[in-house]
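Trainee: Please take me through this structure step by step. I should like each conclusion to rest on a stated value.

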Amino acid sequence: MNIQWYPGHMTKTRRMMEETISLVDIVIELVDARIPYSSKNPDLDTLAKNKRRIILLNKCDLADEKATALWTEYFEAQGFCVIKMNSLKGTGMNEVTDAARGLMKEKIEKLKARGRINVPIRSMIVGIPNVGKSTFINKYVGKTMAKTGDKPGVTRGKQWIKIKKDFELLDTPGILWPKFEDQEVGLKLAFTGAINDDILDAETLAISFIDHILLRNGDCIKKRYQIAFDTIEEPHVVLRQIADARGFKQKGGEPDLERASKILLDEFRGGKLGRITMELPQDIEEMLGAKVEKERLKAAEDRARKQNFKKKNK
Ligand SMILES: Nc1nc2c(ncn2[C@@H]2O[C@H](COP(=O)(O)OP(=O)(O)O)[C@@H](O)[C@H]2O)c(=O)[nH]1
Ligand SMILES: [Mg+2]
């Protein structure tokens, strides 16, 4: 996977996405249940304004159940229809069709009253790369019909897959860009493998990963690698302990931190550290709150500076 969202490309994708979205009744967005905020496209609210929306908390088999319940509540409070999803297993699939029907009930009845029967509900899958779009569609459709391989945006000739008599799905998912601005978001996307690892070397990424989960999920590392440490331990010390525990050594006998880093990230991504959610609604609220507060303080400072300047120059 190697999609570069340079500005020109993004404008084109956005235009194509808008066109495509105009053809559907319902936009179904897949997010990664381990990082529901960080894996959500920032512009879909604008792109899919006036559309009915379903959020699939995908890879919920890898996420903490309690956290997933909190996220469900959080997005429902924002008016989304939310469904927990494991696309590998296919659990939660029937709920999608039912939810879509529920969302369209009134409109379909109105159409019926005007004599238009058998109008299918049309929907499409969207989401950032690697969130599980193809896996979901393949499972949902029941055959390996959905195209694999990533093409940004959606291809021109549109194909609809008939899921049920009254329900059709666009055969190609819409690939959306992730949130770019935020360094925290970028890191979490890298931890989960949603974006290329190349941006950071494995060791830097692993140390940052340990730093992120030490406080809340440190126990899963202790358990997995049979090591002991304090929750306020330095992340690089923990990484060293992991290397030692696994017996990863360089030629000179020094711990092989690079190998330990790769194993740690691989094992997290594969769910071997247990079910871990890396962000909670309250973290996001706090973060957004802090951002607003920072902007407010800065604005106040700017105002004070301007006034001082005026006073001095009177
Ligand atoms: N554990 C788990 N893995 C999943 C799930 N859905 C997708 N995956 C994995 O996530 C990776 C990316 O999936 P893919 O469908 O190619 O993502 P896409 O880029 O959005 O089309 C693949 O390795 C899938 O096997 C899920 O619900 N649970
Ligand atoms: Mg795909």
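**Helices, bends and packing**

Trainee: How far apart are the end C-alpha atoms of helix α4 (residues 93-113)?

Mentor: Helices (H or I, at least four residues) and strands (E, at least two) are DSSP runs, numbered from the N terminus, and the expected span of a helix is 1.5 Å times one less than its number of residues. With 21 residues at 1.5 Å a residue, α4 should span 30 Å. The model agrees, since the separation of the end C-alpha atoms of α4 is 30 Å.

Trainee: What is the mean pLDDT of the protein chain?

Mentor: This is a predicted model in which local features need pLDDT of at least 70, side-chain atom pairs count only at pLDDT 80 or more, and totals for chains, interfaces and linings use all residues, while side-chain values use heavy atoms, with hydrogens and water left out. Residues are numbered from 1 along each chain as its sequence is written, and chains are lettered from A and ligands numbered from 1 in the order in which they are written. The pLDDT is the predictor's confidence in each residue, from 0 to 100. In the protein chain, 93% of residues reach 70 or more, and the mean pLDDT is 89.

Trainee: At which residue does α4 bend?

Mentor: The bend at a residue is the angle between axes fitted to the seven residues ending there and the seven starting there. For α4 this angle is about 55 degrees, and the residue is Lys105.

Trainee: How are α4 and helix α5 (residues 133-141) oriented to each other?

Mentor: Axes are lines fitted to C-alpha atoms, for helices over the stretch in contact, and angles run from 0 to 180 degrees between N-to-C directions; those under 35 degrees count as roughly parallel, over 145 as roughly antiparallel, 65 to 115 as roughly perpendicular and the rest as oblique. The axes of α4 and α5 lie 10 Å apart, at an angle of about 85 degrees. Met93, Val96 and Thr97 of α4 make the contact with Phe136, Lys139 and Tyr140 of α5. The angle of about 85 degrees therefore makes α4 and α5 roughly perpendicular.

Trainee: What does helix α7 (residues 202-225) span between its end C-alpha atoms?

Mentor: A straight helix of 24 residues would span 34 Å at 1.5 Å a residue. However, α7 has a kink of about 100 degrees centred on Arg216. Between its end C-alpha atoms, α7 spans only 18 Å.

Trainee: Against which helices do the buried residues of α7 pack?

Mentor: Buried means under 20% relative accessible area, exposed over 50%, partly exposed in between (1.4 Å probe, protein chains only). The buried residues of α7 include Leu205, Phe209, Ile213, Cys220 and Tyr225. Their packing partners are α6 (183-191), α8 (235-246) and α9 (257-269).

Trainee: Which residues of α7 does α6 meet?

Mentor: The axes of α6 and α7 are 10 Å apart at an angle of about 105 degrees, and the two helices are therefore roughly perpendicular. From α6 come Glu184, Leu187, Lys188, Ala190 and Phe191, and they meet, in α7, Leu205, Ser208, Phe209 and His212.

Trainee: Is Met278 buried or exposed?

Mentor: Met278 is found in the loop between α9 and α10 (281-312). Leaving aside its neighbours within four places in sequence, Met278 is in contact with Arg34, Ile35, Lys188, Phe191, Phe209, His212, Ile213 and Phe268. Because its relative accessible area is 10%, Met278 is buried.

Trainee: What is the phi of Gln226?

Mentor: Most residues other than glycine have a negative phi. Gln226 lies in the loop between α7 and α8 and, at 68% relative accessibility, counts as exposed. Its phi is positive, near 55 degrees.

Trainee: At roughly what angle do the axes of α8 and α9 cross?

Mentor: The two helices are roughly perpendicular to each other. The contact involves, among others, Leu239 and Ile242 of α8 and Leu257 and Leu264 of α9. The axes of α8 and α9 come within 9 Å and cross at roughly 95 degrees.

Trainee: What percentage of the residues in the protein chain is buried?

Mentor: The protein chain has 10 helices and 7 strands, and its C-alpha trace spans about 75 × 70 × 35 Å along its principal axes. Of its 314 residues, the buried share is 45%.

Terms used. Contact = heavy atoms within 4.5 Å.
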